[in-house]
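Please walk me through this structure, beginning with the surface that faces the RNA and ending with the protein as a whole.

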Amino acid sequence: MENVLDFASVYCKQLDKRRSMTRHALKTSRSEDFATWYQEVITGADLAENANVRGCMVIKPYGYAIWERMQRILDDKFKELGHTNAYFPLFIPADLFEREAEHVAGFAKEMAIVTHHRLEQKDGKLVPAGELETPLAVRPTSEMIIGESMARWAKSYRDLPILLNQWCNVVRWEMRTRLFLRTAEFLWQEGHTAHETEDEARKEALQMHEVYKWFICDVLKIFGIPGKKPEYDKFAGAVDTFTVEAMMQDGKALQAATSHYLGQNFAKAVGIKFQGRDGSLQYAHTTSWGLSTRIIGGLIMSHSDDDGLNLPSAVAPYHVVIIPMIKNENSREIMEYCHKIKSMLPGSIRCFIDAKEYSAQNKKWDYVRKGIPFILEIGNKEVDTGDACITKRLTMEKQNMPLNEFVSSIEKMLADHDDLLHKSNSDFCNSRITQVSSYDELYAFFKSGKTGFVKAKWSGCASNLEKLDELAISIRCIPTEQSGTIGKCILTGANTTIDAIFAKSY
RNA sequence: CGGGAAGUAGCGCAGUCUGGUUAGCGCACUUGCUUAGGGAGCAAGGGGUCGGAGGUUCGAAUCCUCUCUUCCCGACCA
């Protein structure tokens, strides 16, 4: 493990050195204009584009390939833990929402509603004609409609737990949208479970919270702090909300995935009742948990640099791209050599040969922007020497190595790639966590233009929160890892042991 | 949803203020030749209902009204 870190340390330095010396693949740098840079990473890597509909996006094939990788990893894990996939309707009768007061209040403002079901031609224009008796909400989340089914399915304690997940799209009519981070329609998975006891349901919510933590931090190598949402910032209708708050390269927090213990709130609203072991009729305890395409935004803002995207190997559509440097005279030998390389690679390595007739250099820079970990340039030289000419995306260092050595070390190099990705991100983020012990310090920190997470004592009560408004920050979470020390709440002055994370957020 | 900016070729832009030949430039694209491993050169080409609708005018990318979309700052954001 130490060796790995040493390796990463050395490369971090090379990385910084190179960045100060050379021309970059993107026009705008992170430090110049983070928001513009973010857009350029997306267009540069060909991940997505704005659709013709307000706030909606087209996820392009390369972006969707990343999402598919994420889906596969998570789906396998969910199933391993006993969940099964199902599918519920996109439309939810609007009045169904009204059964849970907090829930409807939380979503009312961002709900898209279908009120008509037919178009008619009028003066050459199509106008909605048949009005629906009951308006249909386009699902912003499916607790109510899935709960309604569960109510029909659960009769006895023997029917529990019900462990469901669905992969779908949801719609939230947001006022301000940004590709991946906040779109009117987005893709996600939503898990919904019903349990016999509070204890079991709480364990389920925490278990899925752990799964998200693992996926975000270990698989995607994104720096995140797991914790609990403050009482006033829970999911509408939840008893407890757990979150992973990820830190982006501009120091802002991104709520990356949440898991909720819903108590009996939803069970009571839709009637998930079952006969218990003692014969009495009881309400189930439910949970829900979700992770969306927003995480792709988090992935971009965690790992990308001024040359574009960088990807952890687990979700990279390709690990290796081979670019033939074709010259007319012996293109056949070069292509044969390229195929030979591909066929020699271990099965775990995703590789493709780009033989499109575009200029090799332009192709190379495209793949730099797409964050392919290893780019191979294969031409006459390599055919003659039996080498591979490899550019490592993270460090942008280019080197020749004997083909056999490349093939036998590719898995190790990919592991090193992941370690470096992980280390440079976690070093960056760890250096941006600041501890303060008073509101004045907090104020000075954010007013000075510094960014990052600030850890401070908080009483846990909702008073004096308006003091955070001026700084445009919020309490992101109460981290699972608590120091246990006693101190004064920076907002109220009350004695407390609670550590909380304060930050600007997306 | 409030304030600001902007929509002209795939991308980036000029032209709009002060209405007037056939709407231009760079990159990209096509063809040819010459070159090639940090983003080629030269030459000849292709590609546009100037976001959309309506109006003013002999004439609208340009002026007016409405509308859609995008970006930035706020508010909002399980």
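By class, the surface near RNA strand B holds 13 nonpolar, 19 polar and 14 charged residues, where near means a C-beta atom, placed from the backbone, within 6 Å of the strand; Ala, Val, Leu, Ile, Met, Phe, Trp, Tyr, Cys and Pro count as nonpolar, Asp, Glu, Lys and Arg as charged, and the others, Gly among them, as polar. Of these 46 residues around RNA strand B, Arg54, Phe235, Trp365, Gly379 and Cys389 come nearest. At least two residues each are supplied by strand S13 (253-263), strand S16 (285-292), helix H11 (360-370) and helix H12 (380-385), the helices (H or I, at least four residues) and strands (E, at least two) being DSSP runs numbered from the N terminus.

The model is predicted, so that local features need pLDDT of at least 70 and side-chain atom pairs count only at pLDDT 80 or more, while totals for chains, interfaces and linings use all residues. Residues are numbered from 1 along each chain as its sequence is written, and chains are lettered from A and ligands numbered from 1 in the order in which they are written.

An automatic or database domain assignment divides chain A into domain 1 (39-93 + 139-303), domain 2 (320-429) and domain 3 (433-503). The centres of domain 2 and domain 3, taken over C-alpha atoms, are separated by 47 Å.

Chain A has 14 helices and 27 strands. Its radius of gyration (over C-alpha atoms) is 26 Å, close to the 23 Å that the globule rule (2.2 Å times the number of residues to the power 0.38) gives for 506 residues, so chain A is as compact as a globular protein of that length.
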